[in-house]
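Here are some friendly notes to read alongside the model.

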Amino acid sequence: MRTLITNIGELTTNAAGSATPHHAVQDAAVLMEDGLITWVGRADEAPGAEEIIDAEGRAVIPGFVDSHSHLVFGGDRAAEFEARMAGQKYAAGGIRSTVAATRAATDDELRARLRGFLDEMHAQGTTTVEIKSGYGLDVETEERLVRLAAEVTPEVTFLGAHVVPAEYADDPEGYVDLVTGPMLEACAPHARWIDVFCETGAFSVEQSRRVLEAGIARGLAPRVHASQLGPGGGVQLAVELGAASIDHGTYLTDDDVAALAASETVLTLLPGVEFSTRQPYPDARRLIDAGVTVALACDTNPGSSFTSSMPFCIAVAVRDMGMTPAEAVWAATAGGARALRREDIGVIAPGYRADLVLLRAPSRIHLAYRPGVPLVERVWKDGVQVA
Ligand code: NIG
Ligand code: FE
């Protein structure tokens, strides 16, 4: 069946070869057929279709590509958040309390939770999500987490090297052996990506290199958590190994920025983390002006960022990180696609997947201008309405 969305007041296409990367056109229409976009153009030149949706002058954007999340876990850490808002500092060690709750949860409990988060994300315009393991930290539980994630997305990341679990506190190298050996063997069949938390309190640059190289040798592609809590060597390592993305980047040196600008590695900013941990916001303006490709993602997790809202992240990135609304929407759509090395999403043009969001607003600017307001009216993934 052919579905035409017409009378679109502002259509963000992100189409290559346009005047700006975050290109938008007025008075537009989009045709979808068999899950793909088959035509984009002026509303008054639109072809016929079996189903016609009148956008009544409102805006349409590509579905959000949330390239960083940790959606499979048990419990929550509301009390830790409350203590932090009363002045306590965020530290990587909090991850361990979620590990205990995750190990104790059944597959069905984790699956129900995961599906709830996905519904939440669809309702907020997300059509692609990457999901990491990392709250199991033993072979059996990490395998469960990547297997459950693979039920709902092709973008699955093995993050056994999230933090050293309590039982290996005296033998971190032994834990890296486990991650790069039997755990990787068990998890790799369900995953596309290998990730590591390269940070003080988690894994050193040398340990991170071992983890990433083992994953690469097993056919996984690298992405890296780094420079979240302070500067470190993770960014340079990510660039050296050709990682698709380095995520967080709250503390970057000038050398980090120069290395990123000269590379194919995307920097994925996670505004929910600075918001929820009361850390300083990274300066996206400095990065974009230096030529770094920036993506935005939610990093949904019970510790550092328990939001699943890409519109919220866009609003914070515009308000506090110096991005324009157009840049932030690009970073949350085409930028996320780049961070996942995907060439079939993040853009509204013929041949791309029909992943689209109709906003209850006349332009994308409203996503930042009206923070906290539910502006997502309808969402299509592969041409099927999901919200
Ligand atoms: O991306 N940085 C490491 N991992 C998560 C936080 C995990 C947690 O605190 O539970 C993150 O921020
Ligand atoms: Fe994360």
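Strands here are DSSP runs of E that hold at least two residues, and they are numbered from the N terminus. Please keep in mind throughout that this is a predicted model.

1. Asp-27 is not a glycine, yet its phi is positive, at about 50°. Most residues other than glycine have a negative phi. Asp-34 also has a positive phi of about 50° without being a glycine, and its place is in the loop between β2 and β3 (36–42). Are these two buried or exposed? Asp-27 has 15 other C-beta atoms within 10 Å, so it is partly exposed. Asp-34 has 10 other C-beta atoms within 10 Å and therefore counts as exposed.

2. The partners of β1. Strand β1 takes in residues 2–12 and pairs with β5 in the parallel sense over two bridges; Glu-10 has Ala-59 as its bridge partner in β5. With β2, β1 runs antiparallel, and eight bridges join them. One place to look is Thr-12, whose bridge partner in β2 is Ala-24. Strand β4 (residues 51–54) is parallel to β1 and joined to it by four bridges, with Leu-4 facing its bridge partner Ile-52 in β4.

3. The bridge partner of Val-60 in β16 is Leu-358. Which residues does Val-60 contact, leaving aside neighbours within four places in sequence? They are Ile-5, Ile-8, Leu-11, Val-30, Ala-55, Leu-356, Val-357 and Leu-358.

4. The largest nonpolar core. This core has 122 residues, and Val-60 is among those that touch the most other members, together with Val-30, Leu-296, Ile-314, Ala-317 and Ala-328. As background, nonpolar side chains tend to be buried together in soluble globular proteins.

5. The chain is divided into domain 1, made of 2–63 + 346–385, and domain 2, made of 65–339. Their centres, taken over C-alpha atoms, are separated by 29 Å. How many residues does each domain bring to the contact? Domain 1 brings 20 residues and domain 2 brings 23 residues. On the side of domain 1 that touches domain 2, β5 (59–62), α14 (366–369) and β17 (376–381) each supply at least two residues. β17 gives the most to that side, with three residues. By class, that side of domain 1 has twelve nonpolar, five polar and three charged residues.

6. The surroundings of ligand 1. What surrounds ligand 1? Its shell consists of Gly-94, Ile-95, Thr-98, Phe-197, His-225, Gln-228, Val-273, Asp-299, Asn-301, Pro-302, Gly-303 and Ser-304. By class, the shell divides into four nonpolar, seven polar and one charged residue.

7. Strand β9. Six of the six residues of β9 (residues 156–161) are buried, so this strand is largely enclosed by the rest of the structure. Strand β8 (residues 131–132) runs parallel to β9, and two bridges join them. Across that pairing, Ile-131 stands opposite Val-156 in β9.

8. A closer look at Ala-221. Ala-221 is found in strand β11, which spans residues 221–222. Why does Ala-221 count as buried? The cut-off is 20 or more other C-beta atoms within 10 Å, and Ala-221 counts as buried because it has 20 C-beta neighbours inside 10 Å. Not counting residues up to four places away in sequence, Ala-221 touches Arg-192, Trp-193 and Ala-244. Ala-221 and Ala-243 are 22 residues apart in sequence, while their C-alpha atoms are 7.1 Å apart in space.

How values were computed: Residues numbered from 1 in each chain as written. Chains lettered and ligands numbered in written order. Predicted model: local features only at pLDDT ≥ 70, side-chain atom pairs only at ≥ 80, totals over all residues. Near = placed C-beta within 6 Å. Nonpolar A, V, L, I, M, F, W, Y, C, P; charged D, E, K, R; others polar. Core = buried A, V, L, I, M, F, W, Y, C linked by C-beta atoms within 7 Å. Buried ≥ 20, exposed ≤ 12 C-beta atoms within 10 Å, placed from the backbone. Contact = placed C-beta atoms within 7 Å. Domains from an automatic or database assignment. Pairing = 2+ DSSP bridges.
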